[in-house]
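Welcome to this short tour. Open the structure in your viewer and follow along, one selection at a time.

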Amino acid sequence: MTAYAIGSQLGDNVSPTVTGFTQSLVSADNSLGTTARTITLHFSASEYLAETVPTFRIVEAGGDPAYVIPAGNVTFAWDANRMGGTFNITIPAGADGSGDNFIISSITDTSGNTMAAEATPHTLQ
């Protein structure tokens with residue numbers, strides 16, 4: 001009997017996508033607040049993601065046209081399974097970030113594939 005080795009290489013060349021967002025019930029409108037408030041924005045992805053923190057941008061699209069949430073007011077934590085994560089967004093007292101669009105610009109999966117296009121914006125409530 002002759003033994004044969006069949007070599008095959010499996011690869012993942014599919015770009016990950018953002019499959020959805022869930023925002024906490026806390027409003028991004030803190031215009032009447034006297035202290036800062038934090039809203040959470042969770043996103044889910046189509047596959048396991050690399051440890052690289054997702055890149056994002058926030059675009060003024062409503063609420064207070066003179067205020068855009070600074071990137072420095074946003075922190076990020078991965079879900080345990082790394083198929084998503086949570087952005088914690090701090091809205092200072094007297095500021096209104098509602099209506100602004102939160103856009104994930106880039107995520108990378110564990111095979112090194114990068115998202116092909118920006119995710120559909122999530123409008124902060």
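## A strand pairing to start from

Begin with Thr 22, whose bridge partner is His 42 in E2. Keep in mind as you look around that the model is predicted.

Now widen the selection to E1 and to strand E2, residues 37-45: the two pair in the antiparallel sense over five bridges. Strands of a sheet pair through backbone hydrogen bonds, so display those as you go.

Next, bring in the rest of the sheet. It is open and has four strands in the order E1-E2-E5-E4, paired antiparallel. Where are its edges? Select strand E1 (18-23) and strand E4 (74-78), each of which pairs on one side only.

## On to the rings

Show the aromatic side chains, where the count comes to seven aromatic pairs. Phe 56 is partly exposed, at 23% relative accessibility, whereas Phe 102 is buried, at 0%.

Then move to Phe 76 and Trp 78, an edge-to-face pair with 4.9 Å between centres and 85° between planes. Trp 78 counts as partly exposed, at 24% relative accessibility.

For the last stop, select Phe 43, Phe 56, Phe 76, Trp 78, Phe 87 and Phe 102 together: ring pairs link them into a cluster.

Terms used. Residues numbered from 1 in each chain as written. Predicted model: local features only at pLDDT ≥ 70, side-chain atom pairs only at ≥ 80, totals over all residues. Heavy atoms only, no water. Pairing = 2+ DSSP bridges. Phe/Tyr/Trp six-rings, centres within 6.5 Å; stacked < 30°, edge-to-face > 60°. Buried < 20%, exposed > 50% of the residue type's maximum accessible area, 1.4 Å probe, protein only.
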